[in-house]
Amino acid sequence: MKTTNAAAQRKLKPADPVEKARAHKIYSLLAREYPDAKAALNFNTPFELLVATILSAQCTDARVNMVTPGLFRKYPSPESFASAVQAELEPDIKSTGFYRQKAKSLLSCSRSLVEKFGGQVPKTMEELLTLGGVGRKTANVLLGNAFGIPGIAVDTHVGRLAQRLGLSKDEDPTKIEFALMELFPKDHWTQLCHLFMSHGRKVCVSRLPKCEVCCVSHLCPSAFKFSKSGDLKKKKGK
Ligand code: SF4
């Protein structure tokens, strides 16, 4: 999702201290539970992470990791992607799904990189957002994992966890990103995403969360409120 000017210019508001303390406890417990949590996409350079992140939309990181080694052998640089032919690129990434749109994004992104940034991935949110196929989520993945600049990348797991844990009431990823930025200290932002992704894959899964084995269930307003079909149970009388 592309950012709006309003989102880019928005200032962080001070969060409720009680909520901040609860957020801190959640972070500490998840950090203890997943001490090795880290980016699941394989990459050697910022450009490889950029390509892998674009391919990871609506696709598992494991699948992307199967596709990228061959892809980077065939197209080892932004210049080689920029001069690729879309019809030739599509079969190489087909197994990651949505391959036409992803091929288009890879070509447009690589061409902007070559034309505007000399083939180097830029290091600011503003510049990253000028690249084709790059929204705030991808930009934050790049900032946090390739450049060590804190960022909160709201993917499906991070969004789901933020909502179930009552850290954000919004569905819009940009609003969730800002709510989390207000609750957690900057030096936790990138790792918070890895922790939420790990927990979202293993315990707080999309269909039916495993609240009975969740290390933060005592801090979670949604704990044990899901029916067997995976829906939130309705309160009696409603
Ligand atoms: S208690 Fe249940 S809903 Fe809440 S974070 Fe844990 S698994 Fe998810």
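Predicted model: local features only at pLDDT ≥ 70, side-chain atom pairs only at ≥ 80, totals over all residues.
Residues are numbered from 1 along each chain as its sequence is written. Local features need pLDDT of at least 70 and side-chain atom pairs count only at pLDDT 80 or more, while totals for chains, interfaces and linings use all residues.

Two packed helices are described by the angle between their axes and the distance between the axes. For helix α6 (residues 86–93) and helix α7 (residues 99–117), the axes come within 9 Å and cross at roughly 120 degrees. Helices are DSSP runs (H or I, at least four residues), numbered from the N terminus, and the axes are lines fitted to C-alpha atoms over the stretch in contact, with angles from 0 to 180 degrees between N-to-C directions. The two helices are therefore oblique to each other, the class left over once angles under 35 degrees (roughly parallel), over 145 (roughly antiparallel) and 65 to 115 (roughly perpendicular) are set aside. On the α6 side, Q86, L89, E90 and I93 meet Y99, R100, K102, A103, K104, L106 and L107 of α7, where contact requires C-beta atoms, placed from the backbone, within 7 Å. These contact residues divide into 6 nonpolar, 1 polar and 4 charged.

The loop between α6 and α7 holds F98. Most residues other than glycine have a negative phi, yet phi of F98 is positive, near 45 degrees. F224, in the segment after α12 (189–202), also has a positive phi, about 60 degrees, although it is not a glycine. The scale, with C-beta atoms placed from the backbone, calls a residue buried at 20 or more other C-beta atoms within 10 Å, exposed at 12 or fewer, and partly exposed in between.

Helix α3 (residues 46–55) contains E48, which is partly exposed with 19 other C-beta atoms within 10 Å. Leaving aside neighbours within four places in sequence, E48 is in contact with F43, T68 and F72. E48 and R111 are 63 residues apart in sequence and 15 Å apart in space, C-alpha to C-alpha.

Note on methods
Contact = placed C-beta atoms within 7 Å. Nonpolar A, V, L, I, M, F, W, Y, C, P; charged D, E, K, R; others polar.
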